[in-house]
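Reader: Please show me the model, and then let us go through a few points in turn.

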Amino acid sequence: MRAQISPIHPKGYPFVGGFALATIILFWIWSPLGWIGTLLTIWCALFFRNPARVTPIREGLVVAPADGRISMIAPVVPPAELELGELPMVRISIFMSVFNCHVNRSPVAGRIERIVYRPGKFINAELDKASEDNERNALVISTPNNGLVGVVQIAGLIARRIVTFVHDGQTVEAGERFGLIRFGSRLDVFLPEGTQVLVSEGQTAIAGETVLADFQQTDGRTFRSS
C-alpha cells in the first residue's frame, strides 16, 4: 500500500495540517461543511505529493522540470536576469494546474551558476507575458558539454510562493528536486539555439521522466494528435 501512495513533501505539512484542523472545526459546526473540508484536505495532500521518478540518464538529455501541459515552444529572448545574451533561445513552457504535482526537478545535470529572484504580478501563467510580468525565480545551470540552460519558476494566478531548495554553486543531477511553487504556476526552460526539441505543444510532461530535448539529436520529430 505504501508503495502506491506518494509521500507528502515536508514543505506541505503545515498546509495539510491547517486544512485538516479546519475540517475538524467545520465538522463541529455543520457536518456537510466538514465533508467539503475533507475533500479540500485530500486535494491539498495531493498537491504537495512528492512521488519518486525514474529519470533517463545520458549525456545530452533534457528532462521535464515539472508535471503539466507543454503550453508553448518558441524562440524567445531569455529574461535579462539570466544573463544569457540578447539572442533568442529555445523556450519550452510547462503549465502546472492546481491538480499537478508541483515539486520541480532539474532538467539537466550541471552546476548552478546563479539564482535570481524577481518580484512581480500574479497574472495567468498561461499567458506569454507572464514570463516578464509575473513573480519568478530563475536558475542558470552550466552543463559539462552543452553550454548554459535557464530554468525559470513563474508564479501564476493563484500561486503566491516560490520555494527553492538549492543554492549558487551547487551541483545538481538531472531529475533532482530543486524547488516547488505553491498552487498553480509555470516552468520555462531556455535551451541553446539549435537544440532539437522532442516534444510538442499540448503534450503532457512528467517531471524528471519526460525527455524534452536531446543535445545530441540531429533530427527532429513530428507529432499527431489522436
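Reader: In which helix is Trp28 found?
Author: This is a predicted model. Helix α1 covers residues 13-29. Trp28 is found in helix α1.

Reader: Is Trp28 buried or exposed?
Author: A residue counts as exposed when its relative accessible area is over 50%. Trp28 has a relative accessibility of 74%, so the residue counts as exposed.

Reader: Which element gives the largest share of the nonpolar patch?
Author: The patch is a nonpolar surface area of about 1000 Å², and its members include Trp28, Trp30 and Leu40. The elements giving two or more residues to the patch are α1 and α2, the latter spanning 31-47. The largest share is five residues, and the element that gives them is α1.

Reader: Which are the edge strands of the open sheet of three strands?
Author: The strand order is β4-β10-β8, and the pairing is antiparallel. An edge strand here pairs on one side only. That applies to β4 (103-105) and β8 (162-164).

Reader: In β10, which residue is the bridge partner of Arg105?
Author: Strand β10 consists of residues 177-181. β4 pairs with β10 in the antiparallel sense, over three bridges. In β10, the partner of Arg105 is Arg177.

Definitions and conventions:
Residues are numbered from 1 along each chain as its sequence is written. This is a predicted model: local features need pLDDT of at least 70, side-chain atom pairs count only at pLDDT 80 or more; totals for chains, interfaces and linings use all residues. Side-chain values use heavy atoms; hydrogens and water are left out. Two strands pair if DSSP finds at least two bridges between them. Helices (H or I, at least four residues) and strands (E, at least two) are DSSP runs, numbered from the N terminus. Patches are made of residues with over 30% relative accessible area and no salt bridge: like charges are joined within 9 Å, nonpolar side chains (Val, Leu, Ile, Met, Phe, Trp, Tyr) within 5 Å. Accessible areas come from the Shrake-Rupley method with a 1.4 Å probe; for residues, only the protein chains shown count as cover. A salt bridge is a side-chain nitrogen of Lys or Arg within 4 Å of a carboxyl oxygen of Asp or Glu. Buried means under 20% relative accessible area, exposed over 50%, partly exposed in between (1.4 Å probe, protein chains only).
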